[in-house]
Amino acid sequence: MTAPRDGVPTAAVLCETPTGLVRRGGAGPVGTRLRFPQVSASLSTRYCSATAKIDVADMALRGQDRFLGSRTLFVTGERAEESPNRSRYAVFGPHRTDTRDSQRRRRHVDHYRPVHAWSEAEIWAILQRYGVIPALPYQLGFGRLSCALCVFMSVDQAATLRHIMPERFAALASLERQFGCTMKRECDLNQYADRGTVYTATLARPDLVARALDHQWHGPVVTSRWRMPAGAFGESAGPG
């Protein structure tokens, strides 16, 4: 969890490159936000997605001259089934960082979404076909992978997250009191989690919880004993 913006500039964007860490920004005007990203489809309102995901990828492409004068394919996994917004995404086209027509800094970047038309059933089927182990949060009952304490979490996700990461959950609840503004508008986080139920799969597998919370993966990525995870075809509670 990053520190809230309080009398400081908007934080810099960082990305890893073959030659080390690249940093851009962080020297703008001083400001104070002290608010959570808002639950909204708008990326300007839900600023976490733009700042922590989209801006990082954009900076990685724009900030490295190795992408100039060459062709780059940027591949992402959005699916039309996930939301009305995603259903309108192009399967293939110029990426937002593309400058192929520039006379000064030509950067040819195409954006490809190979599974855009796939259903969730097709996603699980191909993972089963190749024995790819489902990500642990799915095995614990989550129907979607995002930030652990996403502003879009459902009541059951909130209850489960409070159960498996009580200190981080309590830190967010403390920020609500500090901000005088709740993440979920209608109530505070603890009241919200009280309305949910911890996933049965989470309660049954404390060993998987420990592995899911580890910073490194220590096991195989394929298995001959593939099983559909508990979170498959479950609630997603996300913006899509």
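What follows is a chat about a predicted model and its side-chain packing, rings and strands.

Reader: Is cysteine 150 buried or exposed?

Author: Buried, with a relative accessible area of 12%.

Reader: Switching to packing. How many residues are in the largest nonpolar core, and which have the most contacts inside it?

Author: The largest nonpolar core has 27 residues. Leu149, Met153, Leu161, Leu172 and Met183 have the most contacts inside it.

Reader: Which helices each supply at least two residues of this core?

Author: Helix 5 (155-164), helix 6 (166-179), helix 7 (189-194) and helix 9 (206-213). The largest share of this core, four residues, comes from helix 6.

Reader: What does leucine 161 touch, leaving out residues up to four places away in sequence?

Author: Leucine 161 touches Phe142, Ala148, Leu149, Met153, Pro166 and Phe169.

Reader: Which residues does the second, separate core include?

Author: That core has five residues, among them Val13, Cys15, Val22 and Ala60.

Reader: Val13 and Cys15 are in strand 2, I take it. Which residues are on its covered face, and which on the uncovered one?

Author: Strand 2 (residues 13-17) has Val13, Cys15 and Thr17 on the covered face. Leu14 and Glu16 make up the uncovered face. In a regular strand the side chains alternate between the two faces of the sheet.

Reader: In what sense do strand 2 and strand 3 pair?

Author: Antiparallel, over five bridges, with strand 3 covering residues 20-24. A hairpin joins strand 2 to strand 3 through two residues. The bridge partner of leucine 14 in strand 3 is arginine 23.

Reader: Now rings. How many aromatic pairs does a search of the whole structure find?

Author: Five. One of interest is phenylalanine 92 with tyrosine 112: the ring centres are 6.2 Å apart and the planes are at 65°, so the pair is edge-to-face.

Reader: Where do phenylalanine 92 and tyrosine 112 lie?

Author: Phenylalanine 92 is in strand 6 (residues 92-94) and tyrosine 112 is in strand 7 (residues 108-112), so the pair ties together parts that are 20 residues apart in sequence. Tyrosine 112 counts as partly exposed, at 32% relative accessibility.

Reader: Which residues form an aromatic cluster?

Author: Trp124, Tyr138 and Trp226 form one.

Reader: Arginines, then. Where does arginine 33 lie?

Author: Over the face of tyrosine 47, at 4.2 Å from the ring centre.

Reader: And where does arginine 211 lie?

Author: Arginine 211 is in helix 9, and at 39% relative accessibility it counts as partly exposed.

Reader: What does arginine 211 touch, not counting residues up to four places away in sequence?

Author: Leu136, Trp217 and Gly219. Arginine 211 and proline 137 are 74 residues apart in sequence, and their C-alpha atoms are 9.9 Å apart in space.

Note on methods: Residues are numbered from 1 along each chain as its sequence is written. This is a predicted model: local features need pLDDT of at least 70, side-chain atom pairs count only at pLDDT 80 or more; totals for chains, interfaces and linings use all residues. Side-chain values use heavy atoms; hydrogens and water are left out. Buried means under 20% relative accessible area, exposed over 50%, partly exposed in between (1.4 Å probe, protein chains only). A nonpolar core is a set of buried Ala, Val, Leu, Ile, Met, Phe, Trp, Tyr and Cys residues joined through side-chain atoms within 4.5 Å. Contact means heavy atoms within 4.5 Å. Rings of Phe, Tyr and Trp (its six-membered ring) pair if their centres lie within 6.5 Å; planes under 30 degrees apart count as stacked, over 60 as edge-to-face and the rest as tilted. A charge sits over a ring if NZ of Lys or CZ of Arg is within 6 Å of the ring centre and within 35 degrees of the ring normal. Two strands pair if DSSP finds at least two bridges between them.
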